[in-house]
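Reader: Could you take me through the aromatic rings in this one? I'd like a close look at how they pair up and what sits over them.

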Amino acid sequence: MANFSGEKTRVVVVGGGVAGAVMAKGLQDQCDVHLIDPKEYFEIAWAEMRAIVEPSFAERTVINHSEYLSKAHIITSAATNITESEVTTADGRCVGFDYLVIATGHAGAPEFTRAEKLHNYQGENDKIKAAKSVLVVGGGPSGVELASEIVFAFPDKKVTLVHKGPRLLEFVGEKAGKKALNWLTSKKVEVILGQSVDLESGSNGVYHTSGGETIHADCHYLCTGKPLASSWLRETCVRDSLDAHGRLMVDKKLRVKGHNNIFAIGDVTDIPELKQGYLAQGHAAVVVKNVKLLMKGQNESKLSTYKPASPFALVSLGKKEGVGQMMCLTLSGRIPGMIKSGDLFVGVARKSLGLKSN
């Protein structure tokens, strides 16, 4: 859709996570960009577990949208409807677009401002400091990383991790999960597999597992994943492009199927690959390029295509060690720790938004 009117092409980005942030940043110099997000800030989400045990770390990972979007319009409200030409927001605005990019990812945090988010991290840290024992529910990357961050920062705490699956890190190979288990148990974390916990029925710090075990914990964290933030799309013009899991079906150019001027990027897409931040950044780079080409009137054959990434995962184990899997190769210990665990790629993420790494 080339724009020959002399006015800037208007691009609306819905969602201010890693994908939406990179998207808006990449087009703000060439387009009239409007970022719609219910919160005032962007958070480097994969660093969340570090921020819980080290609140000062969040000073670098929670970033106001205005810090990196000097030329874009920031609309702090939730999107509520989409037509073929405009987005409606919860505060009553109707924002027209030439191109729309949906990057809503997973359900976001309830905190509206950066100050509220930083205050929340300080509160969680105070809670862990005051606790003698902590229960972590969920043995995916978030649960494993949180448990490892706690025992690294507070080795005197009693940490119990409960996971309903048969092994940790089920999204990667069995060997990686076993290495993570060995690391946690070596740090005296009690890991209970194949059981669930009813957190609602817990009282006075006593919890019961589905296998009949009793766990005593002064505080608990649920790390079982957040739902997709896509249910509202079922009442919009892209309703027929949602799959059974609530993900938007996209073509190789990352356009929502059935819509030439609507793209989707990040976790909300049905791209068959692991849902990870650096891949969402890759989605954004492809769509930035494609929007620029379409603005110039380029035909379909010139547009960039996205190829789903091969399985690759790095899970930090404290600040110095980690476990990683690339294709069939599994590594653990200092090498993956050197790659990720020290800074968690926060400096790289900040630089991608034109900010100082520290």
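Author: Let's start with the charges: a charge sits over a ring if NZ of Lys or CZ of Arg is within 6 Å of the ring centre and within 35 degrees of the ring normal. K39 does this with Y41, its charged end being 5.6 Å from the ring centre. R50 does likewise over the ring of F57, at 5.5 Å from the centre.

A word on the model: it's predicted, so local features need pLDDT of at least 70 and side-chain atom pairs pLDDT 80 or more, while totals for chains, interfaces and linings use all residues. Residues are numbered from 1 along each chain as its sequence is written, and side-chain values use heavy atoms, leaving out hydrogens and water.

Now the ring pairs. Rings of Phe, Tyr and Trp (its six-membered ring) pair if their centres lie within 6.5 Å, with planes under 30 degrees apart called stacked, over 60 edge-to-face and the rest tilted. The whole structure has 2 such pairs. In one, F42 and Y68 have ring centres 6.3 Å apart and planes at 75 degrees, so they meet edge-to-face. F42 belongs to strand β3 (residues 41-43) and Y68 to helix α4 (residues 65-68), so this pair ties together parts 26 residues apart in sequence. Helices (H or I, at least four residues) and strands (E, at least two) are DSSP runs, numbered from the N terminus. Both F42 and Y68 are buried, meaning under 20% relative accessible area, with exposed over 50% and partly exposed in between (1.4 Å probe, protein chains only).

Then there's Y278 with F312: centres 6.3 Å apart, planes at 90 degrees, so edge-to-face. Y278 is partly exposed at 39%, and F312 is partly exposed at 29%.
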